[in-house]
Structures are given as C-alpha cells and as structure tokens.
Amino acid sequence: PPANPRPPGWGKGYSNLFNLDQLDQIPVARLQPPPNYPYEMKRSGITGTVNVGFICDSDGNVRDAYVISSTHREFDAAAVQAVSKWKFKAGRRGGKAVNTRMSVPLEFTLTD
C-alpha cells in the first residue's frame, strides 16, 4: 500500500519541533508496551508490519501518532494505540528538552 502522508494539521502548535538528526541527544524509550495482536489476524496466522509516525514531546510523551505505512490495515489501530502509550526521556538540543519527529516499525509476529 502507498505511504500515508502526515495527517492535516500534524505537528501544528508545537514550537521547537526537530528531526532526530538535529538533536544533541535522541529520545530514549522508558516504557514501550507492545501492541495487542488483533484476534482474527492472530487466529488466521497473519503477520505484518505497521510504520507509525509520531511526535515525542518535550515531556517524553507521544503525541499525534499516525500510520505511515502498513502491510495490513487490520493492524493499524493496535499499532497506533500501543505507540500512543509509550514514554520516553525527551530528546535534547542545546541542553533543552525538545519536541521530536519520530517513526518506528511495529512487527506483528506469531513468535515471541
């Protein structure tokens, strides 16, 4: 499937919003609960990947998570819900915590 652009208004209202390559220190994950595997997909033995884009804010919270691309749309909601619960040590630039654009692939596999 084609990659989804950022949703309209994504990132609006955020000052000091940076890409990872612009930081002195990248955000570090503190809490990353895994996504819930959709029952029907697991029962059918279907695996896949969802790439989720989001903002890690200056407090380390995830904001504005959205699907960039997905192998199966049935995984999308679970992936966005999981990433939205993640917590980070915020990225830093010039000694200050800043808002950071990020993305991550989430793998839905049937093995641990």
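**Entry 1, ground rules.** I worked on a predicted model, where local features need pLDDT of at least 70, side-chain atom pairs count only at pLDDT 80 or more, and totals for chains, interfaces and linings use all residues. Residues are numbered from 1 along each chain as its sequence is written, and side-chain values use heavy atoms, with hydrogens and water left out.

I looked up ring pairs first. Rings of Phe, Tyr and Trp (its six-membered ring) pair if their centres lie within 6.5 Å; planes under 30 degrees apart count as stacked, over 60 as edge-to-face and the rest as tilted. I noted 5 aromatic pairs under this rule. One of them joins Y37 and F108, which sit edge-to-face with 5.6 Å between centres and 85° between planes. I then checked where the two residues lie, taking helices (H or I, at least four residues) and strands (E, at least two) as DSSP runs numbered from the N terminus. Y37 is in the loop between β2 (28-31) and α1 (39-43), while F108 is in strand β8 (residues 99-108), 71 residues apart.

I next asked which kind of pair F75 and F108 make. Their ring centres are 4.2 Å apart and their planes at 20°, so I logged the pair as stacked. F75 belongs to the loop between β4 (62-70) and α2 (76-84) and F108 to strand β8, so this pair ties together parts 33 residues apart in sequence.

For accessibility I used these classes: buried is under 20% relative accessible area, exposed over 50%, partly exposed in between (1.4 Å probe, protein chains only). Y37 and F108 are both buried, and F75 is buried as well. I recorded Y37, F75 and F108 as one aromatic cluster.

How many salt bridges does the structure hold? I found 2, counting a side-chain nitrogen of Lys or Arg within 4 Å of a carboxyl oxygen of Asp or Glu. Side chains of opposite charge can pair when their charged atoms come close.

I looked at E40 and R43, whose side chains meet at 3.0 Å, N to O. Both are in helix α1, 3 residues apart, which means about one helical turn separates them. E40 is partly exposed at 44% relative accessibility, and R43 is exposed at 56%.

I also looked at R63 and D57, whose side chains form a salt bridge at 3.0 Å, N to O. R63 is partly exposed at 34% relative accessibility, whereas D57 is buried with a relative accessible area of 7%.
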